[in-house]
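Open the structure in a viewer and keep the sequence panel beside it. The stops below say what to select next and what is there.

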Amino acid sequence: VDAARVRTFGRHSQSYHRFTTQETRKRVHDNLLAWYDVHHRKLPWRRDFHNPSPTKDENPGQRAYEVWVSEIMCQQTQVGTVIPYYNTWMTKWPTIADLAAADLEDVNKVWTGLGYYSRASRLHSGAQKVAKDFDGVLPSDPVVLEKEVPGIGRYTAGAIVSHAYNIPAELVDGNVIRVLSRLRAIGGDVKGPKVIDLHWQIAKELVHQERPGCFNQALMELGAVVCTPQNPRCGECPVQTSCRAYAEEAIGASQKRSTKGEEDEDHNDDCTLCLPETEVEGKDQGLVTQYPRKAAKKAPRDEECAVAILERVRSDPEGGESISEFLLVKRPGKGLLAGMWEFPTVEQDRLRSDHKDMTTPSTYHQRSESSRKYLVETLKLGWIKGCNDIQRRDLGSAQHLFSHIRKIYHAEWVLVKDPKEGNNEGERKKNSSANGPEIEWLTADALATAAIPTGINKTFQLLQKYKSEENSGGAKRKKTAESGGASGKDKKKARKADWAADISAFFKAPSK
């Protein structure tokens with residue numbers, strides 16, 4: 001293997017991950033561009049723009065707009081899906097001025113089907129910004145682009161500047177990360193800040209000075225069609241002789257990377273980025289596809305919370321059907337499930353604060369007491385204490401797995417019948433107590449279609465299941481009572497007594 005001479009030791013220097021000589025960079029430039037000029041896909045936004053300099057009739061500003069639209073559309077969306085949308089878009093709004101003058105509703109209609117609709121609104125607002133502040137032409141400075149134009153980040157800025165203005169500017173996306181991590185056998189966690197910075201540094205060092213746009217597109221093209229996540233076509237790769245990952249696989253997994261020669265001899269700066277094999281996610285050790293590497297995921301931690309499904313039932317004064325409503329509370333604007341609506345929920349930190357001696361898992365008594373405090377003291381629902389008919393039921397628990405947390409929702413049903421206060425129309429809709437969270441009362445029908453978190457929805461399903469079983473069990477008990485006399489009634493009374501809870505047990509601190 002040419003550039004990736006490997007010996008048997010696992011230790012290696014930081015320079016193992018760089019293109020440290022002009023010779024190694026030139027080899028990648030020549031081989032990759034020669035391949036790209038022949039094999040590049042014909043895409044409407046490329047327009048076969050392979051000249052080092054724009055032709056006389058080329059309009060770099062218009063070209064920049066076309067690149068911008070295509071790059072935003074291709075984020076999170078496959079190229080084959082994007083092409084008809086791109087053609088429709090450019091027919092409808094061929095210039096930045098046209099897009100800036102468009103109605104946002106029309107923009108969203110054209111975007112329908114591409115998903116992630118915020119991309120469309122950012123394109124629209126960005127066009128208005130460029131039309132107003134830059135005379136309708138996207139700036140050719142990547143720093144200005146990223147700073148001034150909504151929706152343009154470091155990658156998109158580099159793409160616009162290099163593709164349209166032929167100015168050397170690096171870019172890094174998922175395809176580029178995969179190509180560079182394999183070329184230089186970068187074994188650090190691909191999501192780690194230092195590893196991400198290293199990819200940007202390599203991209204900057206490697207970018208072609210005369211044909212930056214074509215070279216950047218060639219890197220992305222290679223990642224898209226040859227150096228794919230699984231089953232890469234290494235036999236067709238134009239830069240195979242510069243690929244350290246391929247060299248490592250060729251000599252066998254047991255003979256790990258560490259070079260000595262033209263690129264890193266006399267270097268003692270051992271690499272600290274690469275992960276030990278025991279900390280790497282996946283089973284492709286020794287193969288090209290082990291790169292880019294991800295750190296092995298840590299097992300999600302358990303986190304419990306107490307959910308009070310507060311239902312109030314009001315009798316119709318005119319003798320009609322009773323009205324049932326459920327209380328929802330809006331979560332804080334930051335953090336997990338920010339701004340979403342849920343049943344009154346006491347999180348684990350507050351449970352532990354309320355009960356200093358609490359063990360995990362918490363007890364029903366502890367959760368119920370914390371829910372009582374939350375409803376009365378935080379949500380200011382003191383009117384519930386004056387109600388004469390309150391019933392409670394432990395519904396059990398539901399679980400929902402987030403990326404790093406296994407959330408355990410302990411659900412309790414709190415049923416309040418004919419409350420004497422809290423019935424005004426304003427409170428049944430939305431309100432918030434002083435310095436407290438926003439709350440809303442919803443009927444069961446409205447709740448069934450409301451956008452509530454999956455975990456909270458699971459607790460509502462527990463309630464629905466319990467009610468269904470109660471109705472079914474109630475019908476059976478009635479039949480038994482009719483045929484068995486007093487014994488059936490006694491059982492029904494005993495069950496009701498077990499189901500109901502005394503008001504003071506819920507709204508007064510429990511005795512020690």
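Begin by selecting Arg393, which is found in strand β5 (residues 390-401); helices (H or I, at least four residues) and strands (E, at least two) are DSSP runs, numbered from the N terminus. The model is predicted, so local features need pLDDT of at least 70 and side-chain atom pairs count only at pLDDT 80 or more, while totals for chains, interfaces and linings use all residues. Residues are numbered from 1 along each chain as its sequence is written, and side-chain values use heavy atoms, with hydrogens and water left out.

Next, select α2 and α8. Their axes are 9 Å apart and the helices pack at an angle of about 140 degrees; axes are lines fitted to C-alpha atoms, for helices over the stretch in contact, and angles run from 0 to 180 degrees between N-to-C directions. On the α2 side, the residues that meet α8 include Pro60, Val67 and Trp68, and on the α8 side Tyr155, Ile160 and His163 are among them. Contact here means heavy atoms within 4.5 Å. By class, this contact has 10 nonpolar, three polar and two charged residues, where Ala, Val, Leu, Ile, Met, Phe, Trp, Tyr, Cys and Pro count as nonpolar, Asp, Glu, Lys and Arg as charged, and the others, Gly among them, as polar.

Now go to the largest pocket. A pocket is an open set of points on a 1 Å grid over the protein atoms alone, with protein on both sides within 12 Å along at least five of seven lines; a cavity is a set where a 1.4 Å probe fits but cannot get out, and lining residues have an atom within 4 Å of a point. Select Cys74, Tyr155, Asp173, Asn175 and Met220, which lie nearest the pocket's centre among its 26 lining residues. The elements that give two or more residues to this lining are α2 (60-74), α8 (154-165), α9 and α11 (212-225). The lining has nine nonpolar, 10 polar and seven charged residues.

For the largest cavity, select Arg182, Cys227, Cys234, Cys237 and Cys243, the closest to its centre of 15 lining residues. Helix α9 (residues 174-183) gives the most to this lining, with three residues.

Finish with two backbone details. Asn166, in the loop between α8 and α9, has a positive phi of about 55 degrees although it is not a glycine. The peptide bond from Tyr291 to Pro292 is cis, with omega near -5 degrees.
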